[in-house]
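Student: I have a chain here that I would like to go through with some care. Can we take it piece by piece?

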Amino acid sequence: MSWTTAQAKRLRPMVIAQWGMHCHLCGKSIAGLEDYSIDHVVPRAQGGSNELSNLRSSHRACNYSRQDRSIEEYQSLNTDQVNWFIGLAA
Ligand SMILES: [Zn+2]
């Protein structure tokens with residue numbers, strides 16, 4: 001199943017209700033929807049589903065900078081680089 005903007009918009013309220021406005025990648029709160037993105041715990045490129053159990057709230061910048069890395073890989077990245085991406089979105 002492909003992932004579309006319409007689908008993301010439809011799922012967004014459910015993901016927020018489940019996980020709140022809190023980025024699962026950096027642990028910080030998400031200021032507003034313009035900064036909000038749905039992230040896949042198991043990336044779609046690795047066969048991750050679009051089920052609520054595989055979806056988390058994230059910053060757009062964190063989601064973008066994660067790309068198709070695993071969560072462990074992402075969190076082992078250079079923190080300055082991650083902060084740079086977050087600063088870029090602010
Ligand atoms: Zn974040």
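Student: Just after α1, which residue takes a positive phi?
Tutor: This is a predicted model, so the angle is a computed one. Directly after α1 the phi value is about 75°, and the residue that takes it is glycine 20.

Student: How many residues does helix α1 have, and what does it reach from its first C-alpha to its last?
Tutor: Helix α1 covers residues 5–19, which gives 15 residues. At 1.5 Å a residue, 21 Å is expected. The span from first to last C-alpha is close to that, at 20 Å.

Student: At which residue does α1 bend?
Tutor: The bend is about 40°. Proline 13 follows within four residues of the place in question. The bend is at leucine 11.

Student: What pattern does the chain follow along the sequence?
Tutor: The chain has four helices and two strands. Read along the sequence, their order is α-β-β-α-α-α.

Student: In which sense do β1 and β2 pair, and over how many bridges?
Tutor: Two of the facing residues are isoleucine 38 and, in β2, serine 57. Tyrosine 36 likewise stands opposite histidine 59 in β2. The sense of the pairing is antiparallel, and the number of bridges is five.

Student: Why is β2 largely enclosed by the rest of the structure?
Tutor: In a regular strand, side chains alternate between the two faces of the sheet. In β2, Leu55, Ser57 and His59 are buried on one side, and Arg56 and Ser58 are buried on the other. β2 is therefore largely enclosed, the count of buried residues being five of the five.

Student: How many residues of β1 are buried?
Tutor: Strand β1 runs over residues 36–40 and is mostly covered. Across the chain of 90 residues, 21% count as buried. For β1 the count is four of its five residues.

Student: Is serine 37 buried or exposed?
Tutor: Serine 37 is found in strand β1. Beyond its neighbours within four places in sequence, serine 37 is in contact with Ser58, His59, Arg60 and Asn63. A residue needs 20 or more other C-beta atoms within 10 Å to count as buried. Serine 37 has 21 such neighbours, so it is buried.

Student: What separates serine 37 and asparagine 63 in space, C-alpha to C-alpha?
Tutor: In sequence, serine 37 and asparagine 63 are 26 residues apart. Among contacts in the chain between residues at least 6 apart in sequence, 62% join residues at least 24 apart. The C-alpha distance from serine 37 to asparagine 63 is 6.9 Å.

Student: Which residues is leucine 52 in contact with, leaving aside its neighbours within four places in sequence?
Tutor: Leucine 52 is found in the loop between β1 and β2, and with 13 C-beta neighbours inside 10 Å it counts as partly exposed. The C-alpha atoms of leucine 52 and glutamine 18 are separated by 8.4 Å, although the two are 34 residues apart along the chain. Its contacts are Met14, Val15 and Gln18.

Student: Is glycine 32 buried or exposed?
Tutor: Glycine 32 has its place in the loop between α1 and β1. Its C-alpha atom is separated by 8.0 Å from that of methionine 21, 11 residues away along the chain. Since 7 other C-beta atoms lie within 10 Å, glycine 32 is exposed.

Definitions and conventions. Residues numbered from 1 in each chain as written. Predicted model: local features only at pLDDT ≥ 70, side-chain atom pairs only at ≥ 80, totals over all residues. Expected span 1.5 Å × (residues − 1). Bend = angle between axes of the 7 residues up to and from the residue. Buried ≥ 20, exposed ≤ 12 C-beta atoms within 10 Å, placed from the backbone. Pairing = 2+ DSSP bridges. Contact = placed C-beta atoms within 7 Å.
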